[in-house]
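Please walk me through this protein structure, from single residues in its loops to its sheet, its cores and its annotated domains.

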Amino acid sequence: MEGTYIRTPTGEVTRMTQTVAVLGTGKIGEALLSGMIRAGWPSAHLLVTARRADRAEELRTRYGVEVVTNAEAAKRADTLILTVKPQDMGKLLDELTPHVTSERLVISAAAGIPTAFIEERLAPDVPVVRVMPNTPVLVDEGMSVISAGSHATAADLTHAEEIFGGVGKTLRVPESQQDAATALSGSGPAYFYYLVEAMTDAGILLGLPRAQAHDLIVQAAIGAAVMLRDSGEHPVKLREAVTSPAGTTISAIRELENHGVRAALIAALEAARDRSRELASGNG
């Protein structure tokens with residue numbers, strides 16, 4: 001993908017020789033780096049930072065990218081993608097602030113960090129985009145929820161979508177909805193893993209070997225997800241298609257309802273949203 005990210009005085013963006021830096025290249029950062037290279041970003045236009053020398057060498061060898069310091073990345077890159085842990089964000093911004101101008105775009109993938117926190121620590125008018133990816137970005141099936149900060153433009157959001165679209169799907173939401181999106185999407189994979197774990201235990205109780213129970217459940221989950229995605233049908237209609245009168249499925253559904261599973265899920269997601277709000281407000 002040729003082209004640099006350059007902001008004009010009117011706020012428009014043009015591409016010429018784009019340089020993108022991934023700062024704090026852990027698992028999510030590496031997934032983004034890999035996705036950008038597959039999408040056509042030349043490795044010569046990509047910079048990465050890493051804490052450890054062995055990690056830096058690993059990234060350099062695997063992707064052919066240049067490993068630099070955080071300050072050097074801020075000086076040279078047109079787009080900075082911050083993938084550090086939330087508790088490390090303040091220290092990272094202290095390193096970046098002297099070098100980041102309003103011609104740069106800052107994309108934060110740190111959970112729970114509002115754009116205002118970043119904007120307050122950078123020079124005036126620096127555009128910031130907040131992204132909440134989930135772990136399936138590691139297998140190019142992620143969902144990344146994207147929100148604009150106070151200075152970000154539509155072009156900035158499009159640019160973020162191009163980057164994160166290489167590792168899954170993207171969705172724009174107002175930043176006020178990020179906590180809800182975190183509860184549903186950011187934490188969402190964990191709920192499915194929890195369900196698979198419980199169903200595997202049930203399969204063992206019913207007499208199946210663990211490996212067979214696991215394979216049956218995982219394929220059922222994949223098949224159900226693909227049907228939900230590709231059929232366009234409401235989940236209720238798809239469930240009803242499996243639910244015969246007086247059959248096995250309706251007996252199982254009755255037990256789920258009797259044990260309040262639906263209400264428990266709603267309460268769980270509300271708790272996740274509330275915790276996200278606490279973290280965003282600094283009450284961690």
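Ala246 is found in the loop between helix H10 (235-242) and helix H11 (248-258); helices here are DSSP runs of H or I with at least four residues, strands are runs of E with at least two, and both are numbered from the N terminus. Although Ala246 is not a glycine, its phi is positive, at about 55 degrees. Ala246 counts as exposed because its relative accessibility is 81%; exposed means over 50% relative accessible area, buried under 20%, and partly exposed in between, with a 1.4 Å probe and protein chains only. Asp140, in the loop between S8 and S9, is a residue other than glycine with a positive phi, near 60 degrees. Asp140 has a relative accessibility of 33%, so it counts as partly exposed.

The model is a predicted one, in which local features need pLDDT of at least 70 and side-chain atom pairs count only at pLDDT 80 or more, while totals for chains, interfaces and linings use all residues. Residues are numbered from 1 along each chain as its sequence is written, and side-chain values use heavy atoms, leaving out hydrogens and water.

The protein has 12 helices and 10 strands. Of its 284 residues, 37% count as buried. The C-alpha trace spans about 65 × 40 × 35 Å along its principal axes. Among contacts (heavy atoms within 4.5 Å) with a separation of 6 or more, 62% are between residues 24 or more positions apart.

Next comes the sheet. Strands of a sheet pair through backbone hydrogen bonds, either parallel or antiparallel. Here 8 strands form an open sheet with mixed pairing, in the order S5-S4-S3-S6-S7-S8-S9-S10; two strands pair if DSSP finds at least two bridges between them. Strand S5 (66-67) and strand S10 (168-172) stand at the edges with a single partner strand each, so one side of each has no neighbour in the sheet. S10 pairs with strand S9 (residues 142-148) in the parallel sense over 5 bridges, and Arg172 in S10 stands opposite Ile146.

Strand S6 (residues 79-82) can be followed in both directions. S6 pairs with strand S3 (residues 20-23) in the parallel sense over 4 bridges, with Leu82 of S6 opposite Leu23. S6 also runs parallel to strand S7 (residues 105-108), to which 4 bridges join it, and there the bridge partner of Leu82 is Ser108. Between S6 and S7 the chain passes through helix H4 (residues 89-96), making a right-handed β-α-β crossover; right-handed means that, with the strands pointing away from the viewer, the path from the first strand over the helix to the second runs clockwise. Within S6, Thr79 and Ile81 point one way and Leu80 and Leu82 the other way, and all are buried.

What lies in the largest nonpolar core, and which residues have the most contacts inside it? This core has 28 residues, and those with the most contacts are Met36, Ile81, Ile107, Val129, Ile163 and Phe164. A nonpolar core is a set of buried Ala, Val, Leu, Ile, Met, Phe, Trp, Tyr and Cys residues joined through side-chain atoms within 4.5 Å. The elements giving two or more residues to this core include S3, helix H1 (27-39), S7, strand S8 (128-132) and H6. Apart from it lies another core, of 22 residues, including Ala73, Leu96, Leu122 and Val126.

Helix H6 (residues 154-164) has as its buried residues Asp156, Leu157, His159, Ala160, Ile163 and Phe164. They lie on the same side of H6 because they cover an arc of only 160 degrees around the axis, the arc being that of the directions from the helix axis to the C-beta atoms. Beyond its neighbours within four places in sequence, Val129 is in contact with residues that include Asp156, Leu157 and Ala160.

Finally, UniProt, in an unreviewed entry, places the feature "domain: Pyrroline-5-carboxylate reductase catalytic N-terminal" at residues 19-112; its positions follow the numbering used here, feature names are shortened, and annotations may be inferred rather than shown by experiment. Over residues 19-112 the chain is 41% helix and 18% strand. For "domain: Pyrroline-5-carboxylate reductase dimerisation" (unreviewed entry), UniProt lists residues 175-279. Over residues 175-279 the chain is 83% helix and 0% strand, with the end C-alpha atoms 15 Å apart.
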